[in-house]
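This report describes a protein model for a reader who is new to structural analysis. Please consult the sequence and the structure shown below while reading.

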Amino acid sequence: MVSYNISNRDDVQQVFKDSWPIFALTDFWAQPDQPEVEIQQGFFKTQKSADGTVVFAAPIDTCPVVRKILDDPDKYVGQDICICGEAIQFGDISKVFTKVTDVPAIAETLTEEEFRSGTQYMPKPVQNEIIAMFQWFEEYDYYGKDKDWTSGQKLTVLNTFEQWLKKIGWKG
C-alpha cells in the first residue's frame, strides 16, 4: 500500500511510476463547489475505514469489464468500452420501477428553472454541472452518437435496469 497527496502531481506520478494498469476516475462530488479541484487532480480520492482499510468506491461494479480488459490487453487497450446494460428511455424508467416494486412512479421532464428551484440546497456550480450533463445527453446521447454503447456487453453480462432493481431490492 502506498500513500500520496492526490493534489500534488509529483506525488501522483511517483506513486504510479512503472505501474500498469491504472484504473482511475475523478470524484466531482467530493468538492462540488470547486470543480477545478477534480480537474486538477484527474484521479479519484480513496477513503480509509476506521481500521485503516483503503476503500475504492464506485456506483457500479466495473470489475468484470476491467478484468476482461486486463486479461486481453492487446485486444482492448485504447478502445472505448461503454458500460451500459441497456438503452432505456427516460419515460420507461418509472414504468419498470413500478413493475418491479409495485410502488407508483412517474417520470417528469423539468425545465431548468424547475430543476434549480428543487435543488437550491446544491451549490450553483453543481446545478450547472448537472444541467450541462443532461444537455450533453440530449445533444450527443450518453456515450456520443458514434459510440457503440453495447461494447461492454460484449465483454460480460451486464444487468438491465429491471435486473438491477430486482438484484438490489431498491424501492425508492
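Is Asp-92 buried, partly exposed or exposed? With a relative accessible area of 30%, Asp-92 is partly exposed; here buried means under 20% relative accessible area, exposed means over 50%, and partly exposed lies in between, with a 1.4 Å probe and protein chains only.

## Basis of the report

This is a predicted model, in which local features need pLDDT of at least 70 and side-chain atom pairs count only at pLDDT 80 or more, while totals for chains, interfaces and linings use all residues. Residues are numbered from 1 along each chain as its sequence is written, and side-chain values use heavy atoms, with hydrogens and water left out.

## Overall fold

The protein contains eight helices and two strands. Helices (H or I, at least four residues) and strands (E, at least two) are DSSP runs, numbered from the N terminus. Along the sequence, these elements follow the pattern α-α-β-β-α-α-α-α-α-α. The protein has 172 residues, of which 20% count as buried.

## Salt bridges

A salt bridge is a side-chain nitrogen of Lys or Arg within 4 Å of a carboxyl oxygen of Asp or Glu. By this rule there are six salt bridges. One of them joins Asp-92 to Lys-95, with the closest N and O atoms 3.7 Å apart. Both residues belong to helix H5 (residues 90-101); because they are three residues apart there, about one helical turn separates them. Lys-95 is exposed, at 57% relative accessibility.

A salt bridge also links Glu-162 and Lys-99, at 3.3 Å from N to O. Glu-162 is in helix H8 and Lys-99 is in helix H5, so this pair ties together parts that lie 63 residues apart in sequence. Glu-162 is partly exposed at 21% relative accessible area, whereas Lys-99 is exposed at 57%. Lys-154 and Asp-148 form a further salt bridge, at 2.6 Å from N to O. In that pair, Lys-154 is exposed at 60% relative accessibility, and Asp-148 is partly exposed at 35%. Salt bridges with shared partners join Lys-99, Glu-162 and Lys-166 into one network.

## Aromatic pairs

A pair of aromatic rings is described by the distance of the centres and the angle of the planes. Rings of Phe, Tyr and Trp (its six-membered ring) pair if their centres lie within 6.5 Å; planes under 30 degrees apart count as stacked, over 60 as edge-to-face and the rest as tilted. A search of the whole structure finds five aromatic pairs. In one of them, the ring centres of Phe-134 and Phe-137 are 5.6 Å apart and the planes stand at 85°, so the pair is edge-to-face. These two residues are three residues apart in helix H7 (residues 124-140), which means that about one helical turn separates them. Phe-134 is exposed, with a relative accessible area of 51%, while Phe-137 is partly exposed at 22%.

Phe-161 and Trp-164 form a stacked pair, with 6.0 Å between the centres and 20° between the planes. Both lie in helix H8 (residues 161-168), where a spacing of three residues places them about one helical turn apart. Phe-161 is buried at 17% relative accessibility, whereas Trp-164 is partly exposed at 35%. Together with Phe-97 and Trp-170, Phe-161 and Trp-164 make up one aromatic cluster.

## A nonpolar surface patch

Trp-164, Ile-168 and Trp-170 make a nonpolar surface patch of about 310 Å². Patches are made of residues with over 30% relative accessible area and no salt bridge: like charges are joined within 9 Å, and nonpolar side chains (Val, Leu, Ile, Met, Phe, Trp, Tyr) within 5 Å. Accessible areas come from the Shrake-Rupley method with a 1.4 Å probe; for residues, only the protein chains shown count as cover.

Helix H7 has 17 residues and reaches 24 Å from its first C-alpha to its last, close to the 24 Å expected at 1.5 Å a residue. The expected span is 1.5 Å times one less than the number of residues. The buried residues of H7 are Val-126, Gln-127, Ile-130 and Ile-131. They cover an arc of only 135° around the axis, so they lie on the same side of H7; the arc is that of the directions from the helix axis to the C-beta atoms.

Ser-151 is located in the loop between H7 and H8 and is buried, at 12% relative accessibility. Ser-151 and Asp-80 are 71 residues apart in sequence and 8.0 Å apart in space, C-alpha to C-alpha.
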